[in-house]
Structure formats: C-alpha cells, structure tokens
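Student: Please take one part of this model and go through it closely. I would like to see how a single residue sits among its surroundings, and then what lies around that.

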Amino acid sequence: MIIALTTLALAGTDEHWWGVGPLLGTTGFPVESPAVMPDLAQDKNDNNLVEPVRFDLRVGGHAVYYLGGGGRLGARLWYAGNFATWGAQEITAEYEAILIKDDKFQVFAGGGLGYGHDRFGALGDAKNPDAYLDVVYFPVRAQVGMLWRDRTRAYEVDLFGTWHIAGEQKFSLTGDAADEETGTAIADPFSDEGAKSDAALYVAIGVEATVYFGNFKNKGGGKSDDGDDKKKKDKKGNKDK
C-alpha cells in the first residue's frame with residue numbers, strides 16, 4: 001500500500017505549478033474560543049471579562065508553488081472576525097507532501113508555522129468599561145486537503161487544525177477605569193513578581209477553500225490539456241485546407 005501511494009505521489013510531479021487566489025474559511029471546534037481563557041481575562045469568580053468566540057469567518061489569500069518530486073510550498077495571509085468584538089490576523093509558511101495524484105485530482109498533507117494576533121473584546125455599558133484581550137501568538141498548523149485543477153485554475157478544500165502558542169497576552173480596560181495587565185502563557189521567571197503564568201489554550205479545527213489562478217498545465221499535456229491541444233490541431237488543419 002505504501003509503495004503504491006509513493007508511486008502515485010511521484011508520478012508526473014515534475015511540473016512546477018503555481019497559483020495564487022482568494023481564501024475563505026471558518027472553524028467548527030471548539031464551540032467557544034479560547035478553549036481555556038487566561039486568568040488575567042477573568043474575574044475572581046472565574047467569569048470571563050471578554051466575550052469568547054462562537055462563530056468566525058476568515059478571508060485572505062493563499063499561494064502555492066510546486067517543487068516537483070511530490071512536494072509544494074505555500075503561504076497564507078488572512079483576516080478573521082465574528083462580526084462583533086473579535087478579530088485576528090495571521091500569516092503562515094507551509095510545506096505539503098502530495099500523497100495521491102492523478103491527471104486532475106490530488107490529495108496532500110502537511111503543516112506550517114507563522115505569526116498572528118488575536119483581539120478578544122467585550123463592549124461595556126454605564127457600569128462596566130470596555131475590555132480587551134490582545135494575544136500575540138505563533139501558530140502551528142497541520143492540514144490535509146484535496147485539489148482539482150485545469151490548465152489555469154485550481155480549486156482546493158482543506159481540513160486544518162491549529163494550535164496558537166501564545167507569546168504576550170495583554171488585558172486592558174478603557175474609559176475611566178483604564179487599566180492594563182500583561183502576562184504570558186508560560187511561567188516567566190524573569191518577571192518583576194517572580195514566576196507568573198496565565199495559562200491559556202488557543203486551538204481550533206476548521207475548513208478552508210481556495211480558488212487559485214496560475215499555471216497548472218502538465219508538461220506532457222495530460223487529459224486535462226487535451227482540449228486545448230485538440231483545438232490547436234483543428235485550427236492548424238483548417239489553415240492547411
């Protein structure tokens with residue numbers, strides 16, 4: 001089985017395909033994000049001071065370049081929001097291995113690393129100020145996906161999982177009660193107050209779709225390319241007549 005998959009992956013992968021296009025996606029798990037809220041964004045009764053995210057929509061761009069030999073490089077840049085008080089931006093660099101490939105269709109798996117920023121919030125009222133939690137994080141991403149292509153376009157769907165390794169977490173209040181507190185997701189032995197931890201868990205599983213525009217033509221002119229080749233031949237034949 002492994003030998004068969006490897007043979008399929010390596011077959012016809014000398015094309016240096018490339019594509020760039022828009023990305024659209026969302027997450028479905030966990031139901032609320034973050035999965036574990038840091039202590040600095042909770043009160044003494046463990047009530048959240050910012051609103052957790054229950055729905056999100058991400059839009060952005062996705063680019064890929066095929067190396068040949070069964071692999072490809074990729075990069076994503078996206079913005080996400082929930083039409084309320086949460087927003088995020090992220091960029092990742094990725095590598096994926098082609099597992100299964102035929103003339104029009106392929107299956108791949110891989111992962112990537114990057115940099116991102118989350119802002120969770122809660123709008124205040126006459127008694128409570130606005131509250132925000134800003135998180136600088138480093139995403140670790142894994143994905144498996146499918147791609148269908150023609151000569152100049154490709155269509156891709158990915159199932160992904162991410163873990164956002166939080167760096168600095170900053171909680172702030174606005175208005176007359178303006179205040180700010182900073183913590184990290186791991187113990188900081190160099191902080192002024194000694195070791196300080198605001199452990200949190202930022203994980204997500206979701207789906208993304210991309211439409212690429214670029215060059216996805218087989219060098220050898222496979223079945224997907226026969227249509228244009230046939231038109232050229234017919235045109236040439238008509239001229240000869």
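Predicted model: local features only at pLDDT ≥ 70, side-chain atom pairs only at ≥ 80, totals over all residues.

Tutor: Setting aside neighbours within four places in sequence, Thr162 is in contact with Val140, Arg141, Tyr202, Val203 and Ala204. Thr162 belongs to strand β7. Its relative accessible area is 8%, and buried means under 20%, so Thr162 counts as buried.

Two of these partners lead further. Ala204 is one of the residues closest to the centre of the largest pocket, along with Thr27, Ser33, Val53 and Asp56. That pocket has a volume of about 270 Å³, and 21 residues line it. Two or more lining residues come from each of β1 (18-29), β5 (105-122) and β9 (203-215), with β1 giving the largest share, four residues. By type, the lining divides into twelve nonpolar, five polar and four charged residues.

Phe120 itself is among the residues with the most contacts inside the largest nonpolar core, as are Val50, Leu133, Val135 and Phe171. This core has 18 residues. The elements that give two or more residues to the core are β3 (71-81), β6 (131-149) and β7 (153-173), and β6 supplies the largest share, four residues. Apart from this core lies another, of nine residues, including Trp17, Ile98, Leu147 and Phe216.

Arg58 is in strand β2 (residues 57-66) and Glu208 in strand β9, 150 residues apart, and the pair links distant parts of the chain. Arg58 and Glu208 are both buried.

Arg76 has a salt bridge with Glu94, where the closest N and O atoms are 2.7 Å apart. Because Arg76 lies in strand β3 and Glu94 in strand β4 (residues 87-101), this pair ties together parts 18 residues apart in sequence. Arg76 also forms a salt bridge with Glu96, with the closest N and O atoms 3.9 Å apart. Glu96 lies in strand β4, so that pair ties together parts 20 residues apart in sequence. Glu96 and Arg76 are buried, and Glu94 is buried too. Through shared partners, salt bridges join Arg58, Arg72, Arg76, Glu94, Glu96, Arg141, Glu156, Asp158 and Glu208 into one network.

Key:
Residues numbered from 1 in each chain as written. Heavy atoms only, no water. 1 Å grid on protein atoms, 1.4 Å probe; cavity = no way out; pocket = protein on both sides within 12 Å on 5 of 7 lines; lining within 4 Å. Points joined across faces, edges and corners; volume = space filled by probe spheres on them. Nonpolar A, V, L, I, M, F, W, Y, C, P; charged D, E, K, R; others polar. Core = buried A, V, L, I, M, F, W, Y, C linked by side-chain atoms within 4.5 Å. Buried < 20%, exposed > 50% of the residue type's maximum accessible area, 1.4 Å probe, protein only. Contact = heavy atoms within 4.5 Å. Salt bridge = Lys/Arg side-chain N within 4 Å of Asp/Glu carboxyl O.
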